[in-house]
Amino acid sequence: MNLIVAVDENWAIGRNGDLLAHMKEDMKFFRATTKDHVVLMGRKTLDSFPGGNPLKNRTNIVLTANPDFQREGVIVVHSIEELLAEAKKYPAEELFVIGGGRVYKEMLPYCTKAYVTHVHKAFDDADTWFPNLSEDSEWKLTETGATFSQDDFTYTFTTYERVK
Ligand SMILES: NC(=O)c1ccc[n+]([C@@H]2O[C@H](COP(=O)([O-])OP(=O)(O)OC[C@H]3O[C@@H](n4cnc5c(N)ncnc54)[C@H](OP(=O)(O)O)[C@@H]3O)[C@@H](O)[C@H]2O)c1
């Protein structure tokens with residue numbers, strides 16, 4: 001199972017239910033990487049999308065504790081156990097955990113590859129973070145890709161892989 005995330009210099013990922021920055025090339029990379037695959041997310045991340053709608057051309061699996069929650073085009077699960085059972089129906093390499101903070105933390109132990117976009121800026125009003133993989137001995141940075149610039153910052157695509 002994979003995960004895909006954009007982090008700032010402090011591994012922050014969000015504020016007020018939204019991303020810290022909307023980056024054109026990162027969005028392109030996200031769309032290309034997850035297209036036709038399965039995206040796993042928390043209910044709050046689903047609600048952060050325009051109209052609260054699922055992502056097109058992808059199977060959307062959403063985690064919520066609310067037994068009444070329903071949304072068109074979404075497979076709803078109510079626990080990590082149920083999420084893992086649903087995920088088993090697909091090839092592991094086609095599964096992408098896409099957030100947010102809580103679901104990344106809960107699903108990290110099940111992931112073996114992390115696509116991390118490093119934003120070279122510290123946003124001081126962040127309220128949601130991703131675990132710092134550079135300080136986690138179970139993970140290793142295996143690839144550093146292209147850097148792009150936008151507004152007053154640059155960002156770089158990287159890949160981490162589970163080594164333990
Ligand atoms: N930078 C990035 O790459 C990136 C990517 C995605 C999201 N984000 C940001 O992350 C923030 C959202 O993260 P978040 O941590 O607040 O929320 P989240 O992880 O998206 O969703 C949390 C919700 O998921 C459900 N949930 C999670 N674990 C569960 C479990 N074990 N059992 C049942 N339900 C469970 C609950 O829904 P209910 O409340 O409905 O029960 C919970 O409130 C936003 O700011 C978003 O923009 C950033």
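# Fold, ligand shell and local geometry of a predicted chain

In this predicted model, residues 24 or more positions apart account for 63% of the chain's contacts with a separation of 6 or more.

User: What does the secondary structure of the chain come to?

Analyst: The chain has 4 helices and 11 strands. Its radius of gyration is 15 Å, close to the 15 Å given by the globule rule for 164 residues, so the chain is as compact as a globular protein of that length.

User: What does the C-alpha trace span along its principal axes, and what percentage of the residues count as buried?

Analyst: The C-alpha trace spans about 40 × 35 × 25 Å along those axes. Of the 164 residues, 32% count as buried.

User: Turning to the sheets, what is the order of the 8 strands in the open sheet?

Analyst: The order is S6-S5-S4-S7-S1-S8-S11-S10, and the pairing is mixed. Strand S6 (74–77) and strand S10 (139–150) are the edge strands, each pairing on one side only. From one strand to the next, the twist averages 20°.

User: How many bridges pair S10 with S11?

Analyst: S10 and strand S11 (residues 153–162) pair over 9 bridges in the antiparallel sense.

User: Which strand is joined to S11 by 7 bridges?

Analyst: That strand is S8, which runs antiparallel to S11.

User: What lies between S10 and S11 in the hairpin?

Analyst: There are 2 residues between the two strands, and Asp151 in the turn has a positive phi of about 45°. Asp151 is not a glycine.

User: Is Asp151 buried or exposed?

Analyst: Asp151 counts as exposed, because it has 8 C-beta neighbours inside 10 Å and the limit for that class is 12 or fewer.

User: And the sheet of 3 strands, what is its order?

Analyst: This open sheet has the order S3-S2-S9, with antiparallel pairing. S3 and strand S9 (128–129) stand at the edges with a single partner strand each, so one side of each has no neighbour in the sheet. S2 is joined to S9 by 2 bridges, and Ala12 has Trp129 of S9 as its bridge partner.

User: Which strands does helix H1 lie across?

Analyst: Helix H1 (residues 24–34) lies across strand S1 (2–7), strand S4 (38–42), strand S7 (95–97), strand S8 (113–119), S10 and S11. The helix runs at about 175° to S1.

User: What about helix H3, which strands does it lie across?

Analyst: Helix H3 (residues 80–87) lies across S4, strand S5 (59–63), S6 and S7, and runs at about 135° to S6. Leu83 lies in this helix.

User: Why is Leu83 buried, and which residues does it touch?

Analyst: Leu83 is buried because 21 other C-beta atoms lie within 10 Å, where the class requires 20 or more. Leaving aside residues up to four places away in sequence, Leu83 touches Leu40, Ile61, Leu63 and Val77.

User: How many residues and how many Å apart are Leu83 and Phe153?

Analyst: They are 70 residues apart in sequence and 36 Å apart in space, C-alpha to C-alpha.

User: Changing topic to the ligand, which residues around it come nearest?

Analyst: Of the 28 residues around the ligand, Gly14, Gly42, Gly99, Gly100 and Gly101 come nearest. By class, the shell has 10 nonpolar, 13 polar and 5 charged residues.

User: Which elements each supply at least two residues of that shell?

Analyst: S1, strand S2 (12–15), strand S3 (18–19), S4, helix H2 (43–48) and helix H4 (101–107) each supply at least two.

User: What is the peptide bond from Gly99 to Gly100?

Analyst: That peptide bond is cis, with omega near 0°. Gly100 lies in the loop between S7 and H4, and Gly99 and Gly100 are both among the residues that come nearest to the ligand.

Notes. Residues numbered from 1 in each chain as written. Predicted model: local features only at pLDDT ≥ 70, side-chain atom pairs only at ≥ 80, totals over all residues. Pairing = 2+ DSSP bridges. Axes fitted to C-alpha atoms, helices over the stretch in contact; angles between N-to-C directions. Contact = placed C-beta atoms within 7 Å. Near = placed C-beta within 6 Å. Nonpolar A, V, L, I, M, F, W, Y, C, P; charged D, E, K, R; others polar. Rg over C-alpha atoms; globule rule 2.2 N^0.38 Å.
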